[in-house]
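Please look at the sequence and the model together before reading on. The text is meant for a reader who has not seen this structure before.

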Amino acid sequence: MDERQLRILRELGELGSVTAVADALQVTPSAISQQLRLLQRSIPVPLTERAGRRVVLTEAGQALAGAAIEVETALARARHTITDFAGRPDGDVSVAAFHSAAATLFPLLLRALSGPDRPRLRLADEDVAQDRFPALTRDYDLVLAHRLDHGPPWPRTVTATTLLREPLDVALPAGHPLAAAPVLTPGDVADQPWITVHDGFPLMATVEAVACVANRRLDIVHRVNEFSVVAEMVAAGGGVALLPRWTARTHPGVVLRPLSGVHARRRIDVLHRPERTARKAVRTVLAELHRTATAIRDRDPAEPETEVP
């Protein structure tokens, strides 16, 4: 077996088909199949099997694909040993983030990591459904993703650390009768028109929890993912919404109120393939993300008081 064959086995386990692996690695499906056959010759037990029209990993194949992660990590670390030994912190580091995290963290990263002998940032926005974030680690060194505390965990094929556990507040137009209350309950807001994100995005689970606790169907009139647009719509009287407390830009026509009775909080996590942090430049950016996130959280001294189970 060789590194390329193990990489193909790993990608097959993640992507689920030979065609998808071929597309990801920019080769033909027949080339992928040939490499899998060569790998199988050196292994005494089957690594793949047919599942309908697809080729999937057997339990043995899954075990070897897990070992392939360790092999690739070790090889990546070996390749970058000289660079790390010389202490060079520079190098290109690609970072992807969903919109609200990008709006908050990208400018802070650019300011903190400017100057000579610093990582050269390559930043991109990627606002995708939760289950598509792990796949982005194939194209970026670091991926900022979000999920709810009780949502599905990230797959073990990526490394994930939490930057922030951010409260989700109810956004109301300034002057709305409910704005006078210090804390709102699902019953308070269930009869309001709602502006929500699209299905498949983490915040919808909290919106559905509001409906469940209030025991009524919410009147969802608008679906918009971009929080700056949502804030403008709330200010214009288009409805109420859930907005993240720290990463959504403040709006003079919008007030935020904590929500009790449901677990209204999301995680902002940074995902990466384990081998990426073999590079010192990537570790530098990752450390700066954690420092920046701590500073954002510490700017809100009232946050522990408003946390609700």
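What follows goes through the pockets, then the cavities, then the nonpolar cores. The model is predicted.

The largest pocket has a volume of about 310 Å³. Helix H1 (3–15), strand S2 (54–57) and helix H4 (59–79) each contribute at least two residues to its lining. By class, the lining of the largest pocket has 5 nonpolar, 4 polar and 3 charged residues.

The second largest pocket holds about 230 Å³ of space. It is lined by 14 residues, and the closest to its centre are Val18, Ser33, Leu36, Thr48 and Val55. Helix H2 (18–25), helix H3 (29–41), strand S1 (48–51) and strand S2 each supply at least two residues of this lining. Helix H3 gives the most, with 4 residues. The lining of the second largest pocket divides into 5 nonpolar, 5 polar and 4 charged residues.

Next come the cavities. Across the whole structure, 3 cavities of 30 Å³ or more are found. The largest cavity contains about 110 Å³ of space. Its lining includes Phe98, His99, Ser100, Asp127 and His146, along with Val197, Phe201, Pro202 and Leu203. Asn225, Phe227 and Arg266 are also among the lining residues of the largest cavity. Of the residues in this lining, 6 are nonpolar, 4 polar and 2 charged.

The last topic is the nonpolar cores. The largest nonpolar core has 35 residues, of which Phe133, Leu142, Leu144, Leu163, Val285 and Leu289 touch the most other members. Several elements each supply at least two residues of this core: strand S3 (91–97), helix H6 (99–112), helix H7 (133–136), strand S5 (142–148), strand S6 (159–173), strand S11 (265–272) and helix H11 (280–298). Helix H11 gives the most to this core, with 7 residues.

Which residues is Leu142 in contact with, leaving aside its neighbours within four places in sequence? They are Val93, Ser94, Val95 and Ala96, then Val270, Leu271 and His272, and finally Val282, Val285, Leu286 and Leu289. A second, separate core has 34 residues, including Leu168, Trp194, Ala211 and Leu243.

Conventions:
Residues are numbered from 1 along each chain as its sequence is written. This is a predicted model: local features need pLDDT of at least 70, side-chain atom pairs count only at pLDDT 80 or more; totals for chains, interfaces and linings use all residues. Side-chain values use heavy atoms; hydrogens and water are left out. On a 1 Å grid over the protein atoms alone, a cavity is a set of points where a 1.4 Å probe fits but cannot get out, and a pocket is an open set with protein on both sides within 12 Å along at least five of seven lines; lining residues have an atom within 4 Å of a point. Grid points are joined across faces, edges and corners, and a volume is the space filled by probe spheres set on the points. Ala, Val, Leu, Ile, Met, Phe, Trp, Tyr, Cys and Pro count as nonpolar, Asp, Glu, Lys and Arg as charged, and the others, Gly among them, as polar. A nonpolar core is a set of buried Ala, Val, Leu, Ile, Met, Phe, Trp, Tyr and Cys residues joined through side-chain atoms within 4.5 Å. Buried means under 20% relative accessible area, exposed over 50%, partly exposed in between (1.4 Å probe, protein chains only). Contact means heavy atoms within 4.5 Å.
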